[in-house]
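Please look over the model below before reading on. My notes on its helix packing, cores and salt bridges follow it.

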Amino acid sequence: MRGKHDYGLFTIYAIKCRATKRIYIGSTLNVQARIDTHFSELRRGKKLDPPNLPSEWQKDYDQYGEESFDVYLVDSRECSREAAVMLEQEYIRKYKATNPKYGYNKIKSKAVKDDMYRFRDGVPEVEYEYYRD
């Protein structure tokens with residue numbers, strides 16, 4: 001049996017800083033709520049990297065302001081959560097969004113390495129990995 005969030009109209013979105021050209025790629029069923037959450041966290045200084053240090057995204061937001069960020073709807077399709085995560089990862093790779101020079105993404109799905117997804121309770125298992133050349 002599918003959960004209420006396992007299938008639907010998923011949107012892949014990007015948030016890009018015009019000043020630095022860095023980008024964040026995400027996917028969601030409710031794009032407006034997700035974008036609002038990102039900017040709410042930024043306004044409150046809550047976009048942190050371990051161990052509670054400001055992320056590059058937070059630093060750029062603090063330096064350049066909210067008006068320096070643009071939101072783009074990259075793709076939208078009726079699909080499963082698994083398919084949406086796979087599509088999101090394709091865009092993360094395409095835009096090199098885990099490389100701090102180009103992006104703000106910090107999470108890589110195990111699928112990026114293994115080309116296969118493992119799910120626990122309908123949610124993809126992820127590991128936190130910082131970009132390395």
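The numbered points below take these topics in turn.

1. This is a predicted model, in which local features need pLDDT of at least 70 and side-chain atom pairs count only at pLDDT 80 or more, while totals for chains, interfaces and linings use all residues. Residues are numbered from 1 along each chain as its sequence is written, and side-chain values use heavy atoms, with hydrogens and water left out.

2. Helix α1 (residues 31–43) has 13 residues and reaches 18 Å from its first C-alpha to its last, close to the 18 Å expected at 1.5 Å a residue. The expected span is 1.5 Å times one less than the number of residues; helices (H or I, at least four residues) and strands (E, at least two) are DSSP runs, numbered from the N terminus. After α1 comes Gly45, with a positive phi near 70°.

3. Ile35, His38, Phe39 and Leu42 of α1 are buried (under 20% relative accessible area; exposed is over 50%, partly exposed in between; 1.4 Å probe, protein chains only). They cover an arc of only 90° around the axis, which puts them on the same side of α1; the arc is that of the directions from the helix axis to the C-beta atoms. The buried residues of α1 pack against β1 (7–17), β2 (23–28), α2 (56–64) and β5 (69–80), contact meaning heavy atoms within 4.5 Å.

4. The largest nonpolar core has 11 residues, including Ile35, Phe39, Leu42, Trp57, Tyr61 and Phe69. Such a core is a set of buried Ala, Val, Leu, Ile, Met, Phe, Trp, Tyr and Cys residues joined through side-chain atoms within 4.5 Å. β1, α1 and α2 each supply at least two residues of this core. Not counting residues up to four places away in sequence, Tyr61 touches Phe39, Leu42, Arg43, Glu66 and Phe69.

5. There are 8 salt bridges in the structure, each a side-chain nitrogen of Lys or Arg within 4 Å of a carboxyl oxygen of Asp or Glu. In one of them, Glu66 pairs with Arg43, the closest N and O atoms being 2.9 Å apart. Glu66 lies in the loop between α2 and β5 and Arg43 in helix α1, so the pair ties together parts that are 23 residues apart in sequence. Glu66 is partly exposed, at 28% relative accessible area, and Arg43 is exposed, at 52%.

6. Which residue forms a salt bridge with Arg22? The partner is Glu56, with the closest N and O atoms 3.2 Å apart. Arg22 sits in the loop between β1 and β2, and Glu56 in helix α2, 34 residues apart. Arg22 counts as buried at 15% relative accessibility.
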